[in-house]
Amino acid sequence: MHLNRLCNAFAMLLVFLASSYAAEPKQITKDGRWKLSPCYGVDGKDLYYSLSSDMGRVFLIKQDLATGKTSKMFEETTDHLYDASFSSDGKYLAYCQTSGSPQLFVVIRNLTEQTEATYRPVGARSTARRPRFIPGTTQLVFNESGEGGQQIAIVNVDGGNRRLVTELSAINRWPDVSPDGKRIVFCSSKEGNYDLFTVNTDGTELTQLTDHPLRDIHPAWSPDGKRIAFVSVRDGDHEIFILDLTSRNVTQVTKNNFRDDFPAWSPDGKKLAFISQKNGSTDIYELEIEPVD
Amino acid sequence: MTTLNLGNNPIRTCSSPLSRRSLLKIGAALPIAGLATQTGQLEAAVDAPAKSVLFVNLIGAPSHLDLFDPKPDAPSEYRGPFNVISTKTPGVYFSELLPKCAAISNKFTVCRSNVNYSADHLIAMSIMMTGYEPTDGGETGNGTPFGYQPNFGSIVSRAKRVGGMPSFVSLAKGAIGDGRGPSLGAGGNKWGRRFDPFMIHCDQAGGVSLPGLDLLDGLTPNRLGDRRKLQQELNFAKQQVDELSSTDLSNLYSQAFELLTSSTTNRAFNLEGESKQTRNAYGQSSFGQSCLLGRRLVEAGVPYVQVNWSQFAEVLYGFSDYGWDTHADNFGLMEDLHGPLLDQVFSTLINDLDDRGLLETTLVVCMGEFGRTPRINGIGSRDHWHQCYFSVWAGAGVPRGHVIGTSDKRAESPITEPFNPAMVGTTILEKMGITSQQRAEFRILQDSHAFEPLM
């Protein structure tokens, strides 16, 4: 009897240890330098992110996840580069680049034909951030800070046909797109501070997803379309949460006393890469995520 | 040919032995004064509340509404997207970007009625550091440093005696300013370059270098081994300087040598001497490690340390290093970088000073040259606003857990006595025991008064 209890306790301990181990994120970078906005390549083998040393120039970095080898992209430019993102077919890469005027514009590179297009928002101090391709289309969405305030906008991959998705009297930013290409998730201060909202790509059916007195930011739509990872400061500092779109349940993924931010799904939906400031350094970690039915 | 870049006056000399392997630059950042033995010193009052000042300079002008003076009841076009959070001080609220500062608000005082006289970065920076507008037009009017009163740090430097250490240190990559050039009011100004700060750069890993003294071959303060060789090189360079320039510079190299090789200095420079826990708490950023170095310099006896958030005011330019000038994308930048970094580092600095008992004798002042427009601009961001902004004060008898000075409902103007730059300077000097009599002898800040609630 006692032996059985002991065995059961041991088995439970193993389960506990296993689950603890599974929940421990894997450290991907170790240099500690400032980073932001990671994203996976379409095959999930590489990670892309922005990196800066001493608040100097911000480079786009490609890192091979198997070997850890890193390389700087587009070194020829002398400007800061942010927010890399790939189209789901791997044909296009978009990112943002600083310039004197406008201050940030979108670069859209056709990786097959080795051509480049840009979208430059109107106005000397205008910016465009966080481009995300809309699956099944030749369009991308981003947030634009320009005439009309800070809104969600769409352009074609040739940089033309810009149109606004939102015209809200609020700060609207950090868009991402559902895998079916129909809905956009973004953050808006429409109801006070940043919460998550979704909207159709034509600007209809605006829906509020979260409503919390502390801000919810940086949403990332899962590849299976069922969940949205986001960051909230609702427990006192930046932590990663996942919103189940069916049940509307919110699950806290990280819980600690340092900043975890900028979640990005792997293409197979089994991992989340994110930036963590554990131990005072800024590095990228990867966390395995349980699938949902 | 060797270029000895002496401040704003580059001097070209003939070939020298240095050029074989090193280019020795003595730049605008060089410590021409601020070092130990100085003329014109006055004994400061021994019972002064502050032994040192740590001035945290938020270059580029942070938004007061998005940090320490939020207006949750203002219309949305003023309020912005950040909510407010309660603080340790009953009835006082900060922006939700500052949870760590909110948790220790009982250790400092927030002022919400600061004003400046210019909305131009360079001029406003100079005024913030000197207290007065320039007499010769300032940076945008082809002015000179001599048109400005001396930096508060230069005044402290002149009034305080320290041995073997600089008395005014400024931590930055190089001469602070914006994309147009340096701020003229950063140093001794009308007193001359003898009272400029000694500039030190601390990188994100805690590595220390002297921006104005680029000694190649790894000859950094952290790695000084061959003192004799360094002395020879500095002596040689000194001879050239003596032949070519003013006597103001004659002690430059020996002073630099003294600083670089002083065991006291090197102990202060060596951040490896800190526990991993402390270094991690400040975080791996240049600003974080600079604040840690600032604390160590204060601990070592440096009377005035200015920690600069960045070298440049600007954010989104290739040359910039993430200053606070968020004309564009204010609410993204504040979320992604500026807010969390300030919250982490400043709260750590205050806690660290407090835990070590240093807050009793160290005056901490944290402010930018002005604030940002309360009304959100047409592109969803904030521009310059010098009519009302914030500063944070701690230590050396500053009340704990207070808010003094009140802004109006939209943070556009103070509704209590405006806290002007001359009052900022006078408050700092009075805390350091530099009395009105001494200021009269120096002929500086004679017509101003300290901000009484801070005294």
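Predicted model: local features only at pLDDT ≥ 70, side-chain atom pairs only at ≥ 80, totals over all residues.
**Exercise 1. Work out how strand β15 of chain A is enclosed, and which strands pair with it.**

Step 1. Separate the faces. In a regular strand the side chains alternate between the two faces of the sheet. Here A:R183, A:V185 and A:C187 lie on one side, with A:I184, A:F186 and A:S188 on the other. Both faces are covered.

Step 2. Follow the pairing with β14(A). Antiparallel pairing joins β14(A) and β15(A) over 4 bridges, and A:N172 has A:S188 as its bridge partner. These two strands make a hairpin with 5 residues between them. In that turn, A:G181 has a positive phi of about 75°.

Step 3. Do likewise for β16(A), residues 195-200. This strand runs antiparallel to β15(A), and 6 bridges join them. A:R183 stands opposite A:N200. Again there is a hairpin, with 6 residues between β15(A) and β16(A), and A:G192 in the turn has a positive phi of about 135°.

**Exercise 2. Find the order of strands in the open sheet that contains β1 of chain A, and name its edges.**

Step 1. Read off the order. The sheet has 4 strands, arranged β1-β24-β23-β22 in chain A, and their pairing is antiparallel.

Step 2. Identify the edges. β1 (26-27) and β22 (260-265) each pair on one side only, which makes them the edge strands.

Step 3. Zoom in on β1(A). Its antiparallel partner is β24 (residues 283-288), joined to it by 2 bridges. A:K26 stands opposite A:E286 of β24(A).

**Exercise 3. Describe the interface of chain A and chain B.**

Step 1. On the chain A side, 52 residues are in contact with 39 residues of chain B.

Step 2. Turn to area. The two chains bury about 3,500 Å² between them, with 47% of it on carbon and sulfur atoms. A:D54, A:M55 and A:R125 supply 19% of the area that chain A buries against chain B, more than any other three residues.

Step 3. Look for polar links. There are 4 salt bridges across the interface; one of them joins the side chains of A:R173 and B:D329 (2.7 Å, N to O). Between the chains, 20 residue pairs are in polar contact.

Step 4. Sort the chain A side. Strands supplying at least two residues each include β2 (34-40), β10 (127-134) and β14 (172-177). By class, this side divides into 14 nonpolar, 28 polar and 10 charged residues.

Technical notes: Residues numbered from 1 in each chain as written. Chains lettered and ligands numbered in written order. Heavy atoms only, no water. Pairing = 2+ DSSP bridges. Contact = heavy atoms within 4.5 Å. Buried area = accessible area lost by both parts, 1.4 Å probe. Polar contact = N/O pair within 3.5 Å; in protein donor to acceptor, adjacent residues only side chain to side chain. Nonpolar A, V, L, I, M, F, W, Y, C, P; charged D, E, K, R; others polar. Buried < 20%, exposed > 50% of the residue type's maximum accessible area, 1.4 Å probe, protein only.
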